[in-house]
Every structure is written in structure tokens, then in C-alpha cells.
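Here is a short report on one protein chain. Keep the structure open while you read.

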Amino acid sequence: AASLCRRPADRSTSCRSSKEQWRTPHIMTSLIVLSSLARCVNLEALTSRRAVLAAAPAVLSCASSSRAADASPTVVAVGTVLQKPDAAVPSGAALYVTARPASSEGALQAGAKTPPIASARFATPLLFPFEFVLTTDDLTAEYRAADAASFNRLDLVISARLDGDGVAATRGPDDLVGRGTLSKRGSGRAEEWRPALVELQGR
């Protein structure tokens, strides 16, 4: 093959041909691909074309699982729920935490209402002060299809309810409730937010 570079004066220094120059990056790419495949299948077993075809479904399944594992949930809300030191927590109780946009501006609308962004249930045992984190795994149905970047800079109103019997549909006279504000300061980064502080009180 014709050479793309002149032969150097020092014969100990090689001058790569155009084919060799083209081949090197492709060899590196192949090595990277093989390294990734080695995590999914036993490469030593791929001794024939039939074996390669038979291993294809396992490789695709492994690759999908790896991508899912790498996609960690995005933090949506953080804060602390406070309770009176002498207050007892029933064994069957549950803490419900809901995050709603502090303003309708920039938030999704469901008819005339602004739906909550996320909610979560925390079962006993609960230790107070209770620090909570809501992520995109806790999004409500209205926000599951939305891009987190479109709403994750919004300030939120955090509502918390300590339900004595742990059933969300019931409202007991001894249930404790509270509300606080999560200030995101226009940032989508949780470390730049001012976490919500929610103090539980009687109804």
C-alpha cells in the first residue's frame, strides 16, 4: 500500500501506512466493545457464528439492564419533618409527604387545579426529626411523562400528615399535619436548595 508519510531518517522509527493509520482507532473501538460484551457473556464460548447468534438475546438483555441501572432517579424534594419530643408514634402509623408547586406559574394544570408533583408514604418505625427525600420515582401520574428539567426548579409547598392508622383514605382526630416551603432558588441542583422544614401539629 502507498505510504502517507515519508520514511524517517532514523530507520528504527516506523512509518505507518494509510491502512495501518486507519486500522488503529478501529482496533481500539473493537476492544472497548469486546470489554463491554465480556460483562454480559462468556466470550470464550463464542467459537462459531451460531454461538454468536444464540448469545445475541442475552447481550441485548444485559445491555438494557445496564442502562436501567445507570439511570438513577432525580431528586425532586428534600426536607425534615418535626414532631413534639413527647409525642408517641402508633405502630401502624404512616407518614404521607406531598410536594406541590408553590405557584401555578410553570406548573402543569389539570383543569382548574394544579396537581402535586410527587408524594410518598413512609411506614413505621419512624424516628423524628424525620429527613425525607422524594425522587422521580415518587412522581404523580400527571408528572411521570414530563421532563424533570421542566419542573425541578420550581419552589414547592411540602405537606406532611402522620396518619394514625396508616390508611391514606381515613382522617382521624389524632392525625398530625404540617406544611413547609422548599426553596429551590431557581436551581435544579438539590445541594443548592433550602430544604423544607415541616412541623407536625394537631388538626
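**The chain as a whole**

This is a predicted model. The chain holds two helices and eight strands. Starting at the N terminus, the elements run α-α-β-β-β-β-β-β-β-β. The chain has 203 residues, and 29% of them are buried. Its accessible surface comes to about 13400 Å². Carbon and sulfur atoms account for 54% of that surface. Among the contacts with a separation of 6 or more, 63% join residues 24 or more positions apart.

**A sheet of three strands**

Three strands form an open sheet in the order β4-β1-β7, and the pairing is mixed. The edge strands are β4 (130-135) and β7 (196-199), each of which pairs on one side only. Neighbouring strands of this sheet are turned by 25° against each other on average, direction ignored.

Take the two pairings in turn. β1 and β4 run antiparallel and are joined by six bridges. Within that pairing, Gly 79 has Phe 132 in β4 as its bridge partner. β1 and β7 pair in the parallel sense, over four bridges. Here Leu 82 stands opposite Glu 199 in β7.

Which side chains of β7 are buried? Ala 196 and Val 198 are, and they point to one face.

**A buried loop residue**

Gln 83 lies in the loop between β1 (75-82) and β2 (94-101). Is Gln 83 buried or exposed? Its relative accessible area is 14%, so Gln 83 is buried, the cut-off being under 20%. Leaving aside neighbours within four places in sequence, Gln 83 is in contact with Ala 88, Val 89, Phe 128, Leu 162, Leu 176 and Leu 200.

**Salt bridges**

Side chains of opposite charge can pair when their charged atoms come close. The structure holds four salt bridges.

| Pair | N to O distance |
|---|---|
| Asp 163 and Arg 161 | 2.4 Å |
| Arg 161 and Asp 175 | 3.7 Å |
| Glu 191 and Arg 189 | 2.5 Å |

Arg 161 forms a salt bridge with Asp 175. This pair links distant parts of the chain, 14 residues apart. Arg 161 sits in strand β5 (residues 156-163), whereas Asp 175 is in the loop between β5 and β6 (176-182). Arg 161, Asp 163 and Asp 175 are linked in a network of salt bridges.

Arg 161 counts as buried because its relative accessibility is 11%, under the cut-off of 20%. Asp 175 has a relative accessible area of 3%, so Asp 175 is buried too.

The Glu 191 and Arg 189 side chains also meet in a salt bridge. Glu 191 is exposed because its relative accessible area is 57%, over the cut-off of 50%. Arg 189 has a relative accessible area of 47%, so Arg 189 is partly exposed.

Conventions:
Residues are numbered from 1 along each chain as its sequence is written. This is a predicted model: local features need pLDDT of at least 70, side-chain atom pairs count only at pLDDT 80 or more; totals for chains, interfaces and linings use all residues. Side-chain values use heavy atoms; hydrogens and water are left out. Buried means under 20% relative accessible area, exposed over 50%, partly exposed in between (1.4 Å probe, protein chains only). Contact means heavy atoms within 4.5 Å. Two strands pair if DSSP finds at least two bridges between them. Axes are lines fitted to C-alpha atoms, for helices over the stretch in contact, and angles run from 0 to 180 degrees between N-to-C directions. Accessible areas come from the Shrake-Rupley method with a 1.4 Å probe; for residues, only the protein chains shown count as cover.
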